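Thanks for making time this morning.

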Amino acid sequence: MSEEEKIIIGRGTWIDKLASEMIEREKQIGRDTKLLKVESGLGASGIPHIGSLGDAVRAFGVKLALENLGFKSELIAYSDDLDGLRKIPEGLPNTLEEHIAKPVSLIPDPFGCHDSYGMHMSSILLEGLDKLGIKYNFIRARDTYKNGLLREQIHKILINSEKIGNKIAELVGQEKYQKFLPYYPVCEKCNRLYTAQSYEYDSDKRVVKYRCTEAEIGSKILKGCGHEGFADISKDLGKLAWKVEFAARWHAFDIRFEAYGKDIMDSVKVNDWVSDEILNHPHPHHVKYEMFLDKGGKKISKSAGNVVTSQKWFRYGTPKSMLLLLFKRITGARELGFDDIPILMDEYNEVEDIYFGKIKLDNDAKLSKTRGLYEYTNLLNPPKMPPTHINFRLLIELCRIFKENRSNLVTKKLIDYGTIKQSEPHIEQLIDLAGNYADDFEDEEITKIEINSETKFALSKLVTILESDNHPDDLQNTIYNIAKENNIQPKDFFIILYQIIINANRGPKIGPFILDIGRKKVANIISKHI
């Protein structure tokens with residue numbers, strides 16, 4: 001390894017490397033670095049999922065890294081609540097059908113608790129960010145356009161619309177904007193957005209001429225109302241097409257960093273060009289991230305109904321477990337489901353043990369990276385001392401046993417096992433989360449464990465004893481003897497049992513624990529591995 005490779009940037013994570021690259025680029029461009037703004041776009045057309053949240057969380061991580069490197073930074077959380085509703089998300093009322101193609105900020109909230117459908121969806125995402133401790137400056141598209149914050153950018157884009165239309169066709173093969181302007185007014189008759197096609201711009205009056213004809217929404221053709229009219233870009237409601245809107249925002253808000261998903265790569269490519277060549281504002285530093293997939297390999301989508309929301313996550317896991325997931329890496333697609341939560345809960349404990357030196361790592365680079373990951377997961381404000389750790393799968397199993405008076409009985413068992421000395425508020429919280437998980441989900445899928453033939457034979461003998469109606473006087477000693485009789489170190493045999501039962505290398509005294517779970521239930525669990 002060269003001397004250069006040994007240099008640790010910031011706290012040694014991908015976040016620090018990204019922030020360092022961004023600063024270097026800003027210096028090369030020669031821009032003022034007094035305030036480095038990062039942006040995350042918040043979708044407001046459907047139920048926000050963990051991918052939507054992840055965009056903002058990771059941008060906040062870059063903000064923290066910039067501040068850690070000595071620069072002032074700010075996260076802009078921009079809600080695209082002028083986006084038109086393209087389809088009704090799974091589980092929402094069919095009455096929304098009449099509002100298809102209308103800006104989501106002009107659609108009434110079907111739940112009746114916010115000023116619009118769009119603000120209802122934005123609030124769900126903001127609630128998740130607040131729970132995670134993410135600090136942001138929230139900006140709504142509706143207010144941005146209404147207050148004329150993009151007026152000059154819109155004007156410059158429209159007077160260059162022919163050049164832009166040709167470039168879009170060249171870069172991504174879309175010829176639509178060679179015929180129409182990249183600006184959608186809201187039709188004054190039907191309040192629809194995409195059906196109102198603007199085709200002429202009077203640069204002196206700053207007015208577009210449009211007709212409400214039709215638009216392809218998804219795979220359907222939506223007919224317009226036929227109205228022909230004029231829209232003043234300074235006064236009337238409308239919005240830029242995605243192919244140019246990012247660039248306008250970057251220029252207006254002086255954005256220096258924005259990540260993007262691979263599903264909008266074409267839009268980013270065009271916007272970078274518009275920002276650089278039309279608005280004379282060097283485009284922000286980017287990083288591309290992969291999408292979260294459901295367990296079937298399909299993209300987690302607001303409209304498909306396979307959404308993992310922060311609200312659902314926090315029913316079963318801590319905010320720290322979600323932050324760990326989002327800060328571990330940014331590249332590579334990942335299948336995600338609620339069965340990942342117990343894994344992340346226990347992984348956080350392991351990362352915390354490494355940070356506080358309870359687990360030793362020989363590799364200095366890995367140690368630095370893991371310590372940095374822990375610090376970012378704690379938003380660069382780690383605790384002075386770690387709390388008592390409890391294996392989350394152990395808690396889930398105990399919560400499956402004790403359904404009545406759960407908190408007291410699980411706590412008593414933990415004390416009996418010697419896992420804790422007394423009840424503490426954070427332990428009660430963990431029991432509540434594990435209890436919710438135990439109540440809502442069946443046993444997880446079998447974790448694959450490497451087991452040799454001798455151990456499988458010993459396990460089959462244990463299964464026979466556990467399935468028998470004869471209760472052994474001392475199950476702990478019986479398990480110990482089975483290991484010895486089959487030339488297996490008892491310690492190694494216990495580890496295999498812990499891995500099978502709670503996916504851990506250690507746990508409470510195995511004999512009493514099996515009796516607590518139930519002999520025949522454990523026999524069934526073991527049988528699946530042999």
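**Charges, rings and confidence**

Let me start with E245, which forms a salt bridge with K239, the closest N and O atoms being 3.4 Å apart; a salt bridge here is a side-chain nitrogen of Lys or Arg within 4 Å of a carboxyl oxygen of Asp or Glu. Residues are numbered from 1 along each chain as its sequence is written, and side-chain values use heavy atoms, with hydrogens and water left out.

A search of the whole structure finds 28 salt bridges. In one of them, D416 pairs with K412, with the closest N and O atoms 3.2 Å apart; these two residues are four apart in helix α16 (residues 406–417), and therefore separated by about one helical turn. Helices are DSSP runs of H or I with at least four residues, strands are runs of E with at least two, and both are numbered from the N terminus. D416 is partly exposed at 47%, and K412 is partly exposed at 49%. Through shared partners, salt bridges also join E39, D80, K239, E245, R249 and E258 into one network.

Leaving aside residues up to four places away in sequence, D353 touches K358, I359 and H389, contact meaning heavy atoms within 4.5 Å.

Turning to the rings, the count comes to 15 aromatic pairs, the rule being that rings of Phe, Tyr and Trp (its six-membered ring) pair if their centres lie within 6.5 Å, with planes under 30 degrees apart stacked, over 60 edge-to-face, and the rest tilted. W242 and F246 form a tilted pair, 6.3 Å centre to centre with 35 degrees between the planes, and both lie in helix α9 (residues 242–253), four residues apart. W242 is partly exposed at 33% relative accessibility, whereas F246 is buried at 9%.

The rings of Y316 and F441 have their centres 5.1 Å apart and their planes at 65 degrees, so this pair is edge-to-face. It links distant parts of the chain, Y316 in helix α11 (residues 310–316) and F441 in the loop between α17 (425–440) and α18 (453–467), 125 residues apart. Y316, F338, Y437 and F441 form one aromatic cluster.

Finally, confidence: the mean pLDDT of the chain is 91, and 94% of its residues reach 70 or more, pLDDT being the predictor's confidence in each residue, from 0 to 100. Over residues 1–5 pLDDT stays under 50, and the model has one contact beyond four places in sequence for them. Over residues 302–306 the pLDDT is also below 50, although this stretch has 17 contacts beyond near neighbours in sequence. Where pLDDT is low, the predicted coordinates should not be read in detail.

Methods:
Predicted model: local features only at pLDDT ≥ 70, side-chain atom pairs only at ≥ 80, totals over all residues. Buried < 20%, exposed > 50% of the residue type's maximum accessible area, 1.4 Å probe, protein only.
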